Amino acid sequence: MYDFDKEQIGFRINQLRKYKGWSLAYVSKRCGVSAQSICKLESGNGNLTVPMLMKFCQLYDVTADYIMLGKGEIKNKTFADIISKFTPAQIKALDNALLNYQSICGK
């Protein structure tokens with residue numbers, strides 16, 4: 001059985017919201033959960049229900065394991081997240097490809 005850390009769960013939910021650049025009001029409206037409840041969750045003082053967990057997973061495009069345990073991954077990665085793992089040679093190849101694309105398109 002897992003021992004869930006409410007503060008860490010709240011921290012992850014808060015970080016996901018901030019990463020997306022969304023307000024409490026926006027998330028509240030999208031999830032059908034009061035902003036006060038989300039604020040409590042994010043501060044580690046609220047109770048996360050299964051329906052709320054599923055709504056957060058859908059909204060943030062993450063697994064329940066990520067929210068509850070910090071394991072798994074965020075499904076919707078940004079381009080910056082992807083290239084941050086590139087080697088210098090891969091970055092140079094990407095840069096060359098973009099330069100070639102620009103020259104072909106005349107931009």
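Me: Which residues does Leu41 touch, not counting residues up to four places away in sequence?

Reply: This is a predicted model. Begin with a contact list, leaving out close sequence neighbours. Here Leu41 touches Lys6, Gly10, Gly46, Asn47, Leu48, Met52 and Phe56. Leu41 itself sits in helix α3.

Me: Why does Leu41 count as buried?

Reply: Look at relative accessibility. Buried means under 20%. Leu41 has 5% relative accessibility, so Leu41 counts as buried. Across the protein chain, 24% of the 107 residues count as buried.

Me: Which residues touch the most other members of the largest nonpolar core?

Reply: Look for the members with the most partners inside the core. This core holds 18 residues, and those touching the most other members are Leu16, Val27, Cys31, Phe56, Tyr60, Val62 and Ile67. Helices α1, α2, α3, α4 and α5 each supply at least two core residues. The largest share, six residues, comes from α4.

Me: What does Cys31 touch, not counting residues up to four places away in sequence?

Reply: Apply the contact list again. Cys31 touches Lys55, Phe56 and Leu59. Phe56 is also among the residues that Leu41 touches.

Me: What share of contacts between residues at least 6 apart join residues at least 24 apart?

Reply: Sort the contacts by sequence separation. In the protein chain that share is 48%.

Methods:
Residues numbered from 1 in each chain as written. Predicted model: local features only at pLDDT ≥ 70, side-chain atom pairs only at ≥ 80, totals over all residues. Heavy atoms only, no water. Buried < 20%, exposed > 50% of the residue type's maximum accessible area, 1.4 Å probe, protein only. Contact = heavy atoms within 4.5 Å. Core = buried A, V, L, I, M, F, W, Y, C linked by side-chain atoms within 4.5 Å. Helix = DSSP H or I, 4+ residues; strand = E, 2+ residues; numbered from the N terminus.
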